[in-house]
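Notebook open. I want to go through this fold element by element and write down what I find.

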Amino acid sequence: MPITVNGSAVPLPEDARVSLLDLLRDRLGLSGTKKGCDQGACGACTVLVDGQRVLSCLALAVQYEGRSVTTIEGLATNGALHPLQQAFIEHDGFQCGYCTPGQICSAVGMIEEIRRGVPSQVTANVCEETIALSREELRERMSGNLCRCGAYNGIVAAIAETYAEAAE
Ligand code: FES
Ligand code: FES
């Protein structure tokens, strides 16, 4: 069974050692997903698999047979940027842009975790069904995505504005 990437079926690599990141970048030419550390420490390679954020450098492509992968290239619809992409532009949420695809994919997955009531390290009451996206929650939940340029203020502002309804 193939893997689906941004809506298109893609055959799995014959070599079972190929990472999901290398499949995306080297074999499919989807260079939006970045290779930073290649060891799970920076978040630059974050993509969405069935809506959940995944570090593609730590994942083997063959693990995702039959699953649906969305990369930064797949977030825009009908030529219109995803609202979070637009907010990153408006809030100067990047400088060199290397971490940006991972930041955006991670935030899209993160907000679904909040909506599902998945607690984080800083959630005061883990029994709460509804968790508000406070600045503390936002920073903690995005802490796996590093920005070497230090564009964190803009990143946090873009995410907070886009998902303002989750802060209530
Ligand atoms: S490249 Fe995957 S976490 Fe850094
Ligand atoms: S914008 Fe340069 S690493 Fe984040």
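I began at the hairpin of β3 and β4, which has two residues between the strands. Aspartate 50 takes a positive phi near 50° there. I work from a predicted model: local features need pLDDT of at least 70, side-chain atom pairs count only at pLDDT 80 or more, and totals for chains, interfaces and linings use all residues. Residues are numbered from 1 along each chain as its sequence is written, chains are lettered from A and ligands numbered from 1 in the order in which they are written, and side-chain values use heavy atoms, with hydrogens and water left out. Strands (E, at least two residues) and helices (H or I, at least four) are DSSP runs, numbered from the N terminus.

Entry: I checked how β3 and β4 pair (at least two DSSP bridges between two strands). They are antiparallel, with four bridges. Valine 49 faces glutamine 52 of β4. Leucine 48 stands opposite arginine 53 in β4. On the β5 side, leucine 48 stands opposite threonine 70. β3 and β5 also run antiparallel, joined by two bridges.

**Entry: faces of β3.** In a regular strand the side chains alternate between the two faces of the sheet. Which residues of β3 are buried on each side? I found Thr46 and Leu48 on one side, and Val47 and Val49 on the other. All are buried, and both faces of β3 are covered. Buried means under 20% relative accessible area, exposed over 50%, and partly exposed in between, with a 1.4 Å probe and protein chains only.

Entry: I traced five strands in an open sheet, in the order β2-β1-β5-β3-β4. The pairing is mixed. β2 (8-10) and β4 (52-55) are the edge strands, each with a single partner, so one side of each has no neighbour in the sheet. On average, neighbouring strands are turned by 35° against each other, direction ignored. At the β2 end, β1 (residues 3-5) and β2 pair antiparallel over three bridges. Valine 5 is set opposite serine 8 of β2.

**Entry: helix α1.** I looked for buried residues in α1 (residues 20-27) and noted Leu20, Leu21, Leu23 and Leu24. Their cover includes β1, β3 and β5 (68-70). Just after α1, glycine 29 has a positive phi of about 70°.

**Entry: helix α3.** α3 (residues 100-115) lies across β3 (46-49) and β4. Its angle to β3 is about 40°. Axes are lines fitted to C-alpha atoms, for helices over the stretch in contact, and angles run from 0 to 180 degrees between N-to-C directions. Threonine 100 is in α3. Is threonine 100 buried or exposed? Threonine 100 counts as buried because its relative accessibility is 9%. Leaving aside neighbours within four places in sequence, threonine 100 is in contact (heavy atoms within 4.5 Å) with Phe88 and Phe94.

**Entry: α2 against α5.** Two packed helices are described by the angle between their axes and the distance between the axes. The axes of α2 (residues 83-90) and α5 (residues 152-162) come within 8 Å and cross at roughly 140°. That makes α2 oblique to α5. Angles under 35 degrees count as roughly parallel, over 145 as roughly antiparallel, 65 to 115 as roughly perpendicular, and the rest as oblique. I then listed the contact: Pro83, Leu84, Ala87, Phe88 and Glu90 come from α2, and Ile155, Ala158, Ile159, Glu161 and Thr162 from α5.
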